[in-house]
Amino acid sequence: MTTERLVPISIVGARGRMGKTLIREIVLSDSMILEAAVDREGGAGLGQDAGRLAGLHDIGVTVVDELRPRRNSVVVDFSLAHATDANIRRCVEAGVPLVLGTTGLQKSTRELLRTASREIAIVSAANFSVGVTLLTRIAGLVAGSLGESWDAELLEIHHSHKRDAPSGTALRIAKAVAKATGRDLEGVMRTDRAGEHARPRERGEIGVAAVRGGDSIGEHTLMFLAEGERLELTHRAFDRAIFARGALRAARWVASRAPGLYTMADVIGLGDLG
């Protein structure tokens with residue numbers, strides 16, 4: 001009888017909402033162990049036990065301000081976009097896989113990800129929910145079937161503290177719609193219909209609207225509208241733990257993968273979503 005190897009996990013962004021949730025899920029897991037908890041230099045909570053930081057008992061892992069991953073471990077990064085480049089380089093130097101959930105990345109960072117993926121395995125996703133991953137696949141299938149004769153509009157809602165808009169998940173869904181109908185999202189996406197941008201809707205454009213407020217964890221509704229009917233596809237997140245569980249599922253999966261840039265679709269066996 002073989003015993004499943006415990007996967008050591010380093011969490012970057014330990015003091016954030018996702019970071020604390022990830023720590024709790026790891027501590028309660030029987031297939032992972034928390035190797036390190038990292039947060040920004042000078043942040044409150046440095047030197048504190050990571051278990052206590054996450055609202056649990058002491059676990060003997062202190063929150064530090066420098067990422068030093070060891071081989072045979074996996075780094076899970078949900079920190080801030082400006083720190084992502086340095087975290088990617090540290091993973092490459094150490095030869096460890098990376099699960100990246102940070103959104104709002106610059107073009108240069110996305111290029112660095114592609115370069116780094118030649119040397120290490122990386123799972124990068126705007127949303128680690130299994131449901132959202134399936135919604136993105138379904139969005140492309142529906143869009144390809146309906147074509148441009150049906151108008152596509154996407155509404156996303158997040159809590160008032162979210163920094164980027166539209167959300168990375170909304171952009172991913174919209175991209176799936178555009179790709180399925182042979183369009184380039186940058187050329188057809190419309191995020192503003194007020195003021196100088198006010199005009200009738202043009203055929204083929206994809207509307208993306210963002211709402212920020214309250215404590216909404218995340219909601220995405222994709223609408224296909226035609227004369228006399230409307231089709232809606234919606235995913236609502238009610239517990240932040242679903243994202244942590246998805247990210248840690250990705251961490252266990254990527255631990256044994258060859259170098260490459262993967263998505264959550266690869267993790268759950270759907271293949272590339274485009």
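Reader: What does His 158 touch, once residues up to four places away in sequence are not counted?

Author: His 158 touches Ser 167, Val 211, Arg 212, Gly 213, Ser 216, Ile 217, Gly 218 and His 220, where contact means heavy atoms within 4.5 Å. This is a predicted model, in which local features need pLDDT of at least 70 and side-chain atom pairs count only at pLDDT 80 or more, while totals for chains, interfaces and linings use all residues. Residues are numbered from 1 along each chain as its sequence is written, and side-chain values use heavy atoms, with hydrogens and water left out.

Reader: Why is His 158 called buried?

Author: The relative accessible area of His 158 is 7%, and buried means under 20%, with exposed over 50% and partly exposed in between (1.4 Å probe, protein chains only), so His 158 is classed as buried. His 158 is found in strand 7; strands (E, at least two residues) and helices (H or I, at least four) are DSSP runs numbered from the N terminus.

Reader: How do you know which residues are listed under "active site"?

Author: That comes from the record: an unreviewed UniProt entry lists His 158 and Lys 162. UniProt positions are given in the numbering used here, with shortened feature names, and annotations may be inferred rather than shown by experiment. Lys 162 lies in the loop between strand 7 and helix 6 and, leaving aside neighbours within four places in sequence, is in contact with Thr 103, Ser 167 and Arg 212.

Reader: What makes the meeting of Lys 162 and Asp 164 a salt bridge?

Author: The N to O distance between their side chains is 3.2 Å, and a salt bridge is a side-chain nitrogen of Lys or Arg within 4 Å of a carboxyl oxygen of Asp or Glu, so the pair qualifies. Asp 164 is itself buried, with a relative accessible area of 16%.

Reader: Why does the salt bridge of Glu 25 and Arg 245 tie together parts that are apart in sequence?

Author: The closest N and O atoms of Glu 25 and Arg 245 are 3.5 Å apart. Because Glu 25 lies in helix 1 and Arg 245 in helix 8, the pair joins parts that are 220 residues apart in sequence. Arg 245 is partly exposed, at 44% relative accessible area.

Reader: Is Arg 183, which meets Glu 148 in a salt bridge, buried or exposed?

Author: Arg 183 counts as buried at 13% relative accessibility, whereas Glu 148, at 33%, counts as partly exposed. Their salt bridge has an N to O distance of 3.9 Å.

Reader: What makes the link between Asn 87 and Asp 77 a polar contact?

Author: The side chains of Asn 87 and Asp 77 are joined at 2.9 Å; a polar contact is a pair of N or O atoms within 3.5 Å, where within protein one must be able to donate a hydrogen and the other to accept it, and residues adjacent in sequence count only if both atoms are side-chain atoms. Asn 87, placed in helix 3 (residues 84-94), counts as buried at 5% relative accessibility.

Reader: How many residues has the largest nonpolar core?

Author: The largest nonpolar core has 38 residues, and those with the most contacts inside it are Ile 9, Leu 22, Val 99, Val 123 and Phe 128. Such a core is a set of buried Ala, Val, Leu, Ile, Met, Phe, Trp, Tyr and Cys residues joined through side-chain atoms within 4.5 Å. Helix 8 gives the largest share of this core, 8 residues.
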